[in-house]
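Open the model in your viewer and keep the selection panel handy.

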Amino acid sequence: MIALENIALRQGSFELRDISLELAGGEYGVLMGGSGCGKTTLLEAVCGLRKISGGRIILGERDVTLLPPAERGVGYVPQDRALFPTLPVREQLAFALVLRELGQADISSRVDELAELLGLTALLDRMPGKLSGGEAQRVALGRALAHRPSVLCLDEPLAALDEELHDEMCRLLERVHRETGVTILHITHSPSEAKRLAGCHFRLANGKVQRDE
Amino acid sequence: MSTPAPSGFRVASDKPFLIGLCVLGGSYLLIIAAMVLADLVFLNYNDQPVLGPEMVQQGRYSGGEIAVTLEPSRDYFFRKGKNDAGLQVGEQRIASDGLFRTAGGQAVLVPHANDKPVTASLRPEARVTQITVSNRVATVTTDVAHGLLWGEFIRVSRTGKPAWDGVREITDTTTNQLSFAVGPPSRQQAVVTAPTAELSLSKPNPLVQALRSRDIRFSIKLSLVSCTLTTLLSLWVAVPIGYMMSRFEFRGKPIIDTLLDIPIVLPPLVVGLSLLILFRYMPEWLSDTVVYKWPAVVLAQFMVACAFAVRTMRVTFDQIPQRFEQVALTLGCNRRRAFWRVIMPQAKGGLLAAGTLAWARALGEFGPILVFAGATRQKTEVLPTSAFLELQAGRTEGMLAVSLIMIAAAVVVFIIARTLGMKRIFA
């Protein structure tokens, strides 16, 4: 689950106060809102990349407010994907697993499993510079899922994809959600995307999060 | 005659703009290329003859021509100045620079116009009149003063004996005599006898002289070692500072930013002087091991080179988005691991650039070294110091030779850096 309780944070002159949000475990939540209303900032706060000045963050029954990002058990896919330019796809997928000092066999079986799920098997030895937009998006997704996080944070994952890929990625996200049972918080501009994917809709406007039924 | 009127809007040609770009850019590139080329062309790569004293009296042309007496079957070296038309020997007119030989007799210098200073030079080539050998040291007597100095090099040729031919260091001189060791050093017992054939002496070209000189060999070595040490030290410091300045906001950051630029803005000589003054306040054992010793060379180079490395590293880190670290943090890295696993691999190109820049700056550093480390031969002499000492001794050619060595060293380092950089790109 994801629960934000009365969160306050500020970034320069921009300020969010008293933000609360609750998403049950295994649900697919979509957060919408206009440009510059603080969606990305809020997502970064969930991941622990931005300090909050008040409130509590609870991820999967744990209060993670004071934990560093590494210990929160989140998977983060930023809008620009940020694939590590110096590592081939295989090592991107294995990144979190190597940090957890898993055995070689465990790592390669998990990487194969992810590649299977996301259709990356043929691309494992490619460098990120040689991937198309849709492929890069799938790698970023796989990298974030590798360590089996309880929460997956997606920042506009379908922006900048063309119509056909868009549809394909939607199906893939549904499949990932179904097969892994991870709680997903997904930021988007697109109402149609929200309608299609989400079980739970949130809207961030005027410094408040509303739950749309 | 009328051409159809152009309808409506027309755009001016791009040609003037493109030509302008080429001219402006090209002129700078041309100067760079010409500068290096001039050095390479100016240096005379041939051996030079050993010449006796000047035979033309200084003064002005005053109506009459200036006469000198030439011996028959002897080589003379003539250099025409800007006021002289040439040297008239009987029917023969010598108007080009170089060695010549005549039947002897009276020669006159022909001026362009009267009342101008004499600018020509005429000198006899020194001939060997006697060779003696004792204890494997040859002493050669010349018929005129040879003008060579102890420690310079001489090429001995046409002796007909392989043990004699080659470039030798002059170990002793008088006005008319010079001594050098003969024979290969490995065969101590070999009996060396004077050659019977004519022995010819010449001065090897300045590059050979420089590369054979013990002082310059030392300065090449010191330059290479100190520059490499400086580069490693600079990167060691520049990486953390660059990363800190790029990633963190803290109080007093603008002040630190300014401080970091001081070595770049300060005149280099002042950096050296400031270091010298600073070490007056240091404990004696420390200043004794640093000042006027080789550590001073490294420290003087480091102060300036490091500032450039810091700047380069900071720009490098600025260009790597924070996103990479953020993702790495969510994946299970702490800051240290994110830095080493994600940021440093991306900063390799910048690291290489910073290292090359620091190395090149260190190689060219002169002022601070002169002040802080001195210019002691075989102790604190680096290549720029050698160039300066050569210039001071009036040997432009020697200075040029040292400059060429520096150019070569820089080119080699840049090629290595580029090749490493290419590997990174094409890997």
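Two strands pair if DSSP finds at least two bridges between them. With that in mind, remember that this is a predicted model, and select four strands of chain A: they form an open sheet in the order E2-E1-E4-E5, with antiparallel pairing.

**Stop 1: the sheet in chain A**

Begin with strand E1 (residues 2-11) and strand E2 (residues 14-23) of chain A, which run antiparallel and are joined by seven bridges. E1(A) and E2(A) make a hairpin with two residues between them. Click on A:Gly12 in the turn, where phi is positive, at about 65°.

**Stop 2: chain A as a whole**

Along the principal axes, the C-alpha atoms of chain A fill a box of roughly 45 × 40 × 30 Å. Buried residues account for 42% of the 213 residues in chain A. Of the contacts in chain A between residues at least 6 apart in sequence, 71% join residues at least 24 apart.

Colour by confidence if you like. Chain A averages a pLDDT of 90, and 100% of the residues score at least 70. Among the elements of chain A, helix H2 (residues 89-99) has the highest mean pLDDT (95), while strand E10 (residues 208-212) has the lowest (84).

**Stop 3**

Which of its residues are buried? They are A:Val89, A:Gln92, A:Leu93, A:Ala94, A:Phe95, A:Ala96 and A:Leu97. Their cover includes helix H3 (104-118) and helix H4 (133-145) of chain A, together with H8 of chain B. Just after H2(A), select A:Glu101, which takes a positive phi of about 55°.

Move on to A:Ser108 in helix H3 of chain A. Is A:Ser108 buried or partly exposed? A:Ser108 has 15 other C-beta atoms within 10 Å; a residue is buried at 20 or more and exposed at 12 or fewer, so a count in between means partly exposed. A distance label from A:Ser108 to A:Ala94 will read 7.7 Å between C-alpha atoms, although the two are 14 residues apart along the chain.

**Stop 3: where the chains meet**

Bring chain B back. Here 15 residues of chain B are in contact with 19 residues of chain A. On chain B, helix H8 (323-331) and helix H9 (335-364) each supply at least two residues of the side that touches chain A. H8(B) gives the most to that side, with seven residues. By class, the side of chain B that touches chain A has eight nonpolar, five polar and two charged residues. The model scores ipTM 0.93 and pTM 0.83.

**Stop 4: the nonpolar cores**

The largest nonpolar core has 115 residues, and those touching the most other members are A:Val46, A:Cys153, A:Leu185, B:Cys306 and B:Ala309. Helix H7 (residues 294-318) of chain B gives the most to this core, with 15 residues. A second, separate core of 13 residues includes B:Ala126, B:Val156, B:Phe180 and B:Val182.

Centre on A:Leu185. Beyond its neighbours within four places in sequence, A:Leu185 has contacts that include A:Ile2, A:Leu23, A:Val46 and A:Cys153.

**Stop 5: helix H11 of chain B**

Finish on chain B, whose mean pLDDT is 88, with 94% of its residues at 70 or more. In helix H11 (residues 383-392) of chain B, the buried residues include B:Leu383, B:Ala387 and B:Glu390. Just after H11(B) comes B:Gly394, with a positive phi of about 80°.

Methods
Residues are numbered from 1 along each chain as its sequence is written. Chains are lettered from A and ligands numbered from 1 in the order in which they are written. This is a predicted model: local features need pLDDT of at least 70, side-chain atom pairs count only at pLDDT 80 or more; totals for chains, interfaces and linings use all residues. A nonpolar core is a set of buried Ala, Val, Leu, Ile, Met, Phe, Trp, Tyr and Cys residues joined through C-beta atoms within 7 Å. Two residues are in contact if their C-beta atoms, placed from the backbone, lie within 7 Å. Ala, Val, Leu, Ile, Met, Phe, Trp, Tyr, Cys and Pro count as nonpolar, Asp, Glu, Lys and Arg as charged, and the others, Gly among them, as polar. pLDDT is the predictor's confidence in each residue, from 0 to 100.
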